[in-house]
Amino acid sequence: MLRVGLSGGIGSGKSTVAGRLAEHGAVLIDSDKLAREVVEPGTEGLAEIVEAFGQDVLDEHGALNRAALAAKVFTNETNRKTLNAIVHPRVGARTAELLTAAAPDAIVVHDIPLLVENDVAPAYHLVIIVHADPDERVRRLTTSRGMSETDARNRIASQADDDQRRAVADVWLDNSGTPDLVLAAVDELWADRLVSYEANIRLRRFTPRGPKVVPYDETWPEQATRVANRIRLAAGGLRVEHIGSTAVPGLAAKDVLDFQLGVPSLEVADELAEQLGDAGFPRLEGAYEDTPKPAGADPELWRKRLHVGADPRRRVNLHVRVEGGPAWEWALRFRDWLRTSPDEVADYQELKLELAAEHASDDTMLAYAEAKEPWMAAASERMGYTGGQTS
């Protein structure tokens, strides 16, 4: 299934987006709703809250008085951590039950306000952040929820800021305007990305794209960090490196993020194939190996497994290589050499633009990659690569 994390600050209008996704057929797991369920009267969760914060957090009917609890929690970091330690494990357990019950082809949207604060973004195939300007959020909270302006601003200040949210956002939805604007964006997201993404994961395929070279994108490093975190989580913490042209500042490149995952052996790579596929990185069938460098090197040491990204809007190549082997080391040295060689970057960029035009119809990009090999071999000599050691 496709797992989507949905978050945004209080008053951002996240529920509007969640509702629209549910209308399209998404399975919605609402963390706020679950958080209320696990502290209903008679639950162990409510009993622990009373023990931690006192009887005055209950109303006259014995239910949780949320305003009274908020007064103790949202301006006190220690109290907030205590509350989270009570509620979050119970919400997590209930979430796991709902995920287990969802269909294999479901698009599951997990509405989780503290996605950033709890550092769980890598667990999702895609993260959607709903944003609204702070003053608009305060207006909504004071008019629709009856909060005082001070309380509203304290709530906003207690959560992650925009920079923290942008760092994890694959999709940034601005909901500062009228609802029809953000709803239209959600409709487009569902039709053009989510449906295809789910099918790609389930069918272990990717959306092909020709080798079009584009100007360097300043957001590539941030995007790469998000993808690398997902790969690392799926691989149990193994080393992940952002390599290739998008890892070289200023270099025009195909809009493809290349990574290498370090494994102790290709047998381990094979064992990880399903986990990586479930995480959104299906393996390409067939035997793959990098071109040995220098010429005549043992090709056995240059074998790898190749995975790709299933997200139709974010092309990814994942090279699974033996960490410390010649192919692993060459990829790192080539990247780092380019980063310090502006003349080589300019020459390489000119070559890439020329070959991309020649192979524009090659959706696999394999012919394009093969055509670069003579330049790569010569570059290996210029950077002093001698089969695992620099001269």
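How many salt bridges does the count come to by the distance rule? The count comes to 35 salt bridges, a salt bridge being a side-chain nitrogen of Lys or Arg within 4 Å of a carboxyl oxygen of Asp or Glu. The structure is a predicted model, in which local features need pLDDT of at least 70, side-chain atom pairs count only at pLDDT 80 or more, and totals for chains, interfaces and linings use all residues. Residues are numbered from 1 along each chain as its sequence is written, and side-chain values use heavy atoms, with hydrogens and water left out.

Helices (H or I, at least four residues) and strands (E, at least two) are DSSP runs, numbered from the N terminus. Two strands pair if DSSP finds at least two bridges between them. An open sheet of 5 strands runs in the order E7-E9-E12-E11-E10. Its pairing is mixed. Strand E7 (240-243) and strand E10 (288-289) form the edges, each pairing on one side only. Strand E9 (residues 256-263) and strand E12 (residues 315-322) pair in the parallel sense, over 8 bridges. Leucine 261 has valine 320 in E12 as its bridge partner.

Axes are lines fitted to C-alpha atoms, for helices over the stretch in contact, and angles run from 0 to 180 degrees between N-to-C directions. The axes of H13 and helix H16 (residues 373-382) come within 11 Å and cross at roughly 75 degrees. H13 and H16 are therefore roughly perpendicular to each other (65 to 115 degrees). In this pair, H13 makes contact (heavy atoms within 4.5 Å) through Trp330, Phe334 and Trp337. H16 contributes Trp375, Met376, Ala379, Ser380 and Arg382.

The buried residues of helix H6 (residues 134-144) are Glu136, Arg137, Val138, Arg140 and Leu141. Their cover includes helix H7 (149-157) and helix H8 (162-168). Glycine 146 follows H6 and has a positive phi, near 70 degrees.

Lysine 254, in strand E8 (residues 253-254), is buried yet has no salt bridge. Aspartate 258 is the nearest side chain of opposite charge, 5.4 Å away; Lys and Arg count as positive and Asp and Glu as negative, while His and the chain ends are not counted. Residues touched by lysine 254 include Trp220, Met365 and Tyr368.

Arginine 80 and glutamate 77 meet at 2.1 Å, N to O. They are 3 residues apart in helix H5 (residues 77-101), so about one helical turn separates them. Arginine 80 is buried at 17% relative accessible area, whereas glutamate 77 is partly exposed at 40%. In helix H7, aspartate 151 and arginine 155 are 4 residues apart, again about one helical turn. Their salt bridge spans 3.8 Å, N to O. Aspartate 151 is partly exposed at 29%, and arginine 155 is buried at 15%.

Arginine 283 and aspartate 270 also form a salt bridge, at 2.8 Å, N to O. This pair links distant parts of the chain, 13 residues apart. Arginine 283 sits in the loop between helix H12 (273-278) and E10, and aspartate 270 in helix H11 (residues 266-271). Finally, a network of salt bridges links Arg239, Glu241, Glu323, Arg335, Asp336 and Arg339.

Key: Buried < 20%, exposed > 50% of the residue type's maximum accessible area, 1.4 Å probe, protein only. Parallel < 35°, antiparallel > 145°, perpendicular 65-115°, else oblique. Lists of a residue's contacts leave out its neighbours within four places in sequence.
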